[in-house]
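The structure is shown first, and the account follows it.

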Amino acid sequence: MRHIIFGGDGFVGRHLAPKLIADGEEVVVADIVKSDLAHYRNVRFVHCDVTDPASIAAVSIKADDMVYNLSAKMLSPLQVRAKRHDFFFPVNYFGTENIIKAMDHAAAPKLVHYTTDMIYGHTVTHPMTEEHPVAPLGEYGWSKQKTEELAADWRERGMNISLFRPRLIIGPGRLGILEKLFRLIDWNLPVPMIGSGKNPYQFISVFDCAEAARLAWKAGVPNEAYNLGSLNPPPVRKLLGDLVKHAGSKSILVPTPGWAVKRTLDLLDLMNMPIMDPEQYLIADEECVLDVSKGERQLGWIPQYRDEDMLIAAYEEYRAKKDGVTTSTQHAPAE
């Protein structure tokens with residue numbers, strides 16, 4: 001069996017490919033960029049732009065191929081309001097549609113596809129199971145939710161599509177919005193929290209994400225959706241407090257009235273001066289914790305990494321980069 005990873009040079013793909021190679025599988029990475037990664041000695045790379053059907057056709061999908069779609073435009077780099085639809089939808093929705101149509105043409109029925117927990121929007125019940133109501137708060141979430149609707153249509157036509165909804169993915173090679181936090185801590189400046197900081201915050205490790213995709217293949221690609229997040233996420237106050245202590249910083253954590261901060265950020269967003277994406281700050285003080293037990297029951301997937309350890313590891317990578325220390329991990333661009 002061949003494993004074709006669209007967006008395989010990105011953050012999750014560069015961890016998934018070595019896992020599949022270690023299983024003795026043939027791997028094809030289809031991406032618009034190619035980084036200097038050691039595993040490319042054992043992988044076929046195909047330059048591919050998922051917004052172009054002809055480019056996808058050049059990958060030459062075959063009927064017995066296992067396909068993964070990790071191609072995506074993410075919330076980083078931050079986009080102004082007017083540009084968000086045209087930034088997210090060409091890759092996230094139409095790219096997914098192009099991949100599925102190419103699979104259909106090749107009679108290839110098995111797809112693992114990544115969406116996002118941001119399809120849920122505001123917390124209605126917690127912890128959030130996969131049956132939580134869906135109401136995205138912005139173009140990124142909507143672009144991903146529309147791909148879930150697309151998947152539902154193609155499942156009815158005989159495809160097997162496993163969907164994964166991860167929380168914020170962190171790990172070696174991606175800092176994203178965390179870099180702003182780390183900068184405040186390095187400068188010993190106050191760290192404002194949206195709200196009291198008593199609510200938990202949940203990450204998911206890139207290593208756990210890659211393993212979930214591998215296990216979905218092993219399980220026969222169930223026609224199901226799965227949440228991906230850590231176990232027992234700590235309160236924001238503890239998570240950040242432990243990081244400040246680890247860094248030896250004099251920063252203090254500053255609770256704020258969540259509603260006031262959100263309205264201020266709304267105003268800045270309307271003025272095309274966004275500091276955070278609304279899909280991030282509108283839920284920042286809510287109990288946004290994913291129930292990940294379905295993945296354990298059906299796939300045997302159990303997250304291995306703790307939020308506290310992931311955040312400190314990301315900070316250490318940030319410090320190494322600032323200090324000019326070369327690390328063995330390549331930095332992944334935002335897909």
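## The largest cavity

The largest cavity has a volume of about 50 Å³. A cavity is here a set of points, on a 1 Å grid over the protein atoms alone, where a 1.4 Å probe fits but cannot get out; grid points are joined across faces, edges and corners, and the volume is the space filled by probe spheres set on the points. By this rule there is one cavity of 30 Å³ or more.

The lining of the largest cavity consists of Asp117, Met118, Gly121, Met128, Leu137, Glu279, Ile283 and Cys288, where a lining residue has an atom within 4 Å of a point. By class, five of these residues are nonpolar, one is polar and two are charged. In this division Ala, Val, Leu, Ile, Met, Phe, Trp, Tyr, Cys and Pro count as nonpolar, Asp, Glu, Lys and Arg as charged, and the others, Gly among them, as polar.

## Basis of the model

The model is predicted: local features need pLDDT of at least 70 and side-chain atom pairs count only at pLDDT 80 or more, whereas totals for chains, interfaces and linings use all residues. Residues are numbered from 1 along each chain as its sequence is written, and side-chain values use heavy atoms, with hydrogens and water left out.

## Packing of α3 and α4

Helix α3 (residues 84–105) packs with helix α4 (residues 139–156) at an angle of about 15°, and their axes are 8 Å apart. This makes α3 roughly parallel to α4, a term for angles under 35 degrees, while 65 to 115 counts as roughly perpendicular, over 145 as roughly antiparallel and the rest as oblique. Axes are lines fitted to C-alpha atoms, for helices over the stretch in contact, and angles run from 0 to 180 degrees between N-to-C directions. Helices (H or I, at least four residues) and strands (E, at least two) are DSSP runs numbered from the N terminus.

The crossing of α3 and α4 is right-handed, that is, the near helix is turned clockwise from the far one by less than a right angle. The contact of α3 with α4 has eight nonpolar, five polar and seven charged residues.

## Two partners of α5

The axes of helix α5 (residues 178–186) and helix α7 (residues 236–247) come within 10 Å and cross at roughly 50°; α5 and α7 are therefore oblique to each other. The crossing of α5 with α7 is right-handed. Leu181, Phe182 and Ile185 in α5 meet Leu240, Leu243, Val244 and Ala247 in α7. This contact has seven nonpolar residues, with no polar and no charged ones.

With helix α11 (residues 307–322), the axis of α5 also comes within 10 Å, crossing at roughly 75°. The two helices α5 and α11 are therefore roughly perpendicular to each other. On the α5 side the contact is made by Leu178, Glu179, Phe182, Arg183 and Asp186, and on the α11 side by Leu311, Ala314, Tyr315, Tyr318 and Arg319. Six residues of this contact are nonpolar, none is polar and four are charged.

## Backbone features in loops

A cis peptide bond joins Ser76 and Pro77, with omega about 5°; Pro77 lies in the loop between β4 (66–69) and α3. The peptide bond from His126 to Pro127 is also cis, with omega near -5°. Pro127 belongs to the loop between β5 (110–114) and α4.

Asn188, a residue other than glycine, has a positive phi near 60°. Asn188 is in the loop between α5 and β8 (191–193).

How values were computed. Contact = heavy atoms within 4.5 Å. 1 Å grid on protein atoms, 1.4 Å probe; cavity = no way out; pocket = protein on both sides within 12 Å on 5 of 7 lines; lining within 4 Å.
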